[in-house]
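Please look through the sequence and the model shown here before reading on. The paragraphs below go through a few local features in turn.

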Amino acid sequence: MPTAIADAGMMGAVKVQPSPDAAAESGTFTEAACADDAPRRGRPRSKEFDASILAATLELAGEVGIKGMSMDDLAQRAGVSKATIYRRWPSKEILVLQALQSAMHPLDDVDTGEVVEDLRLCLGQMIARMSKKDRINDVLPHLIEMATHDATLRSAVDDYVANRRVPVRQVLERAIGRAELPADTDVEMVLDALLGPIVYRRLLSGGVLDADFVDRLIVLVLPGR
């Protein structure tokens, strides 16, 4: 899982199925399901509907998991028709991923002029967010699990993770620019070495994630710093 994340692009319309309810059961949204709620030409997409659907998705997926998420329950919770959901997202998984993205906020930019302190602050922010008990942290493990069986979703999740690595990459690249790290530093490998143990503890081992762990991790990955 050292690879990991960016924004998922919307997929194109999928093959029409005869029954919207059958499509809902499989998690695939279809053109047929949209027919009873098709927008008139030139009618703008409602941002209020989008926000309501995304918030309800994150809430419901956090409660029952992605596999257990019913489109009927989602539509009722969001206060919209199922057709309104079908028209906007091609699959349940892509909808969940966009809901996750919509709720994430970028980490604060960190630049103290010293790589170890920058890493402490940056990784500390990351751990603080990952340790919070909220819908984002409830949903992400479900999404990663499903991505192992879906190449399209896996690509979207990998893009999403790649985006989340950007703040730490910037810290390392600035350190190289200041000659704190060698010019030939393998930035991707260092990123994997720093972030891999954090993700492992968060998703698998349940080990402690705190400031002491961050300090020991930095010393291990960047000895002598």
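This is a predicted model: local features need pLDDT of at least 70, side-chain atom pairs count only at pLDDT 80 or more; totals for chains, interfaces and linings use all residues.

Residues are numbered from 1 along each chain as its sequence is written, and side-chain values use heavy atoms, with hydrogens and water left out.

Two packed helices are described by the angle between their axes and the distance between the axes. Helices here are DSSP runs of H or I with at least four residues, numbered from the N terminus. Helix α3 (residues 47-64) packs against helix α4 (residues 71-78) at an angle of about 130 degrees, their axes lying 9 Å apart; axes are lines fitted to C-alpha atoms over the stretch in contact, and angles run from 0 to 180 degrees between N-to-C directions.

Turning to the loops, Thr112 is placed between α6 (92-103) and α7 (115-131). Thr112 is partly exposed, with a relative accessible area of 44%, where partly exposed lies between buried (under 20%) and exposed (over 50%), using a 1.4 Å probe and protein chains only. Beyond four places in sequence, Thr112 touches Glu117, Asp118 and Leu121, contact meaning heavy atoms within 4.5 Å.

Thr185 sits in the loop between α10 (166-177) and α11 (187-205), and, leaving aside neighbours within four places in sequence, Thr185 is in contact with Ile176 and Val190.

Methods. Helices (H or I, at least four residues) and strands (E, at least two) are DSSP runs, numbered from the N terminus.
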